Amino acid sequence: MKDRLLEVLKNVENFTAQNAEQVEEFRIKILGSKGILKDLLVDFKNVPNEEKKEIGQLINQIKDKAQSKIDAFKNTQDSQSKESIDIDLTKTPYPIEIGSLHPITLVKNQIVEIFSRIGFTVSDGPEIEDDWHNFSALNFPPEHPARDMQDTFFVESNNGEIALRTHTSSVQVRVMESQKPPIRTLSPGRVYRNEAISARAHCFFHQIEGLYIAENVSFADLKQTLLYFAKEMFGENTEIRLRPSYFPFTEPSAEVDVSCSVCNSKGCNICKYSGYLEILGCGMVDPKVLENCGIDSKKYTGFAFGMGVERIAMLKYKINDLRLFSEGDIRFLKQFKGSL
Ligand code: PHE
């Protein structure tokens with residue numbers, strides 16, 4: 001029996017396992033209820049008394065050794081799984097898609113960049129404005145029908161004194177009040193008008209207005225600046241067309257069309273077969289407005305222009321519904337990934 005025990009002990013000592021199944025197999029074979037150890041204990045009863053001590057010790061050794069082999073394997077498994085906990089569990093298990101700039105931001109950035117090349121800075125102002133900056137300083141007399149041109153959201157508690165700005169010309173007033181000419185600045189921003197929401201109109205949209213005030217600024221400077229912009233924005237062959245118009249704060253005033261780049265002015269449904277697309281309003285700053293803002297109108301003249309960013313974006317990307325810009329539909333927004 002001693003030889004058999006030594007043989008088993010040797011096997012136990014030499015045991016190595018690759019995986020948990022092998023360890024379990026080993027445990028059942030040695031320590032299990034029908035395992036080798038059980039058999040040995042049965043045989044142990046027949047061992048002569050004088051050998052019992054030695055044989056008993058051998059059996060215990062087999063048992064201890066087998067158990068310690070099993071324990072050792074479990075320990076290495078535990079420490080391995082502890083190591084794997086060192087991975088970053090806060091990481092998402094899937095790659096995150098990188099977002100993209102909103103088309104309005106892309107177009108705004110491009111317009112700002114084009115004008116910055118000819119010395120225009122960027123100015124900012126509040127979206128909630130007082131009557132002075134949105135209307136009165138800009139030569140809209142009280143009760144004047146010109147105020148109806150821009151359906152205004154008034155802030156109720158202030159007797160029509162405070163409103164959501166209807167254009168970013170209000171920022172230009174603030175700039176003229178606080179800076180001395182020469183002034184050459186753009187005011188991009190969100191504006192609000194009380195309009196029914198449709199494919200062509202929204203109750204909020206974005207504008208970029210430009211202002212240039214210095215000595216001897218002429219209408220020719222305005223035309224040339226706008227031609228430069230149109231070519232940079234819509235392509236080298238773009239032409240502009242000015243039509244007389246009216247704004248209370250500019251005199252003379254004009255509306256500006258660009259030749260349709262979709263059909264090369266031949267006529268298409270984008271330009272409604274006119275060959276031209278209206279993109280902005282402009283004019284020479286009315287001397288009264290300069291005086292309202294503390295600028296000497298005998299010494300300085302200036303021009304101003306204003307355009308809707310959505311309108312430019314719609315022309316640039318051939319988008320036919322204004323509402324798409326504010327609905328946040330990922331399928332729409334995704335298409336501008338990598339643009340510009
Ligand atoms: N503020 C005008 C508008 O919102 C646009 C404009 C700006 C026209 C500057 C002329 C000069 O309609």
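## Backbone features in the strand and loop regions

Pro252 belongs to strand S7, which spans residues 250-259, where helices (H or I, at least four residues) and strands (E, at least two) are DSSP runs numbered from the N terminus. The peptide bond that leads from Glu251 into Pro252 is cis, its omega being near -5°. A cis peptide bond also joins Pro181 and Pro182, with omega at about 0°, and Pro182 is placed in the loop between helix H7 (169-178) and strand S4 (183-192).

In the loop between S7 and S8 lies Asn264, a residue other than glycine whose phi is positive, near 55°. As background, most residues other than glycine have a negative phi, and most peptide bonds are trans.

## Basis of the model

This is a predicted model, in which local features need pLDDT of at least 70 and side-chain atom pairs count only at pLDDT 80 or more, while totals for chains, interfaces and linings use all residues. Residues are numbered from 1 along each chain as its sequence is written, and side-chain values use heavy atoms, with hydrogens and water left out.

## Domain layout

The chain is divided into domain 1, covering 2-84, and domain 2, covering 103-336, with bounds that come from an automatic or database domain assignment. The C-alpha centres of domain 1 and domain 2 are 88 Å apart.

## The ligand and its surroundings

Around the ligand there are 14 residues, of which His167, Ser169, Arg193, Gln207 and Glu209 come nearest; a residue is counted as near if one of its heavy atoms lies within 4 Å. By the grouping that takes Ala, Val, Leu, Ile, Met, Phe, Trp, Tyr, Cys and Pro as nonpolar, Asp, Glu, Lys and Arg as charged, and the others, Gly among them, as polar, this shell divides into five nonpolar, seven polar and two charged residues. The elements that give two or more residues to the shell are strand S5 (204-214), strand S8 (276-285) and strand S9 (301-308), and S9 gives the most, with three residues.

Polar contacts here are pairs of N or O atoms within 3.5 Å. A polar side-chain atom of Gln207 is 2.8 Å from an oxygen atom of the ligand, an N or O atom in the side chain of Arg193 is 2.9 Å from a ligand oxygen atom, and a polar side-chain atom of His167 is 3.0 Å from a ligand nitrogen atom. The protein covers 92% of the 320 Å² of accessible area that the ligand has on its own, as given by the Shrake-Rupley method with a 1.4 Å probe.

Note on methods. Polar contact = N/O pair within 3.5 Å; in protein donor to acceptor, adjacent residues only side chain to side chain.
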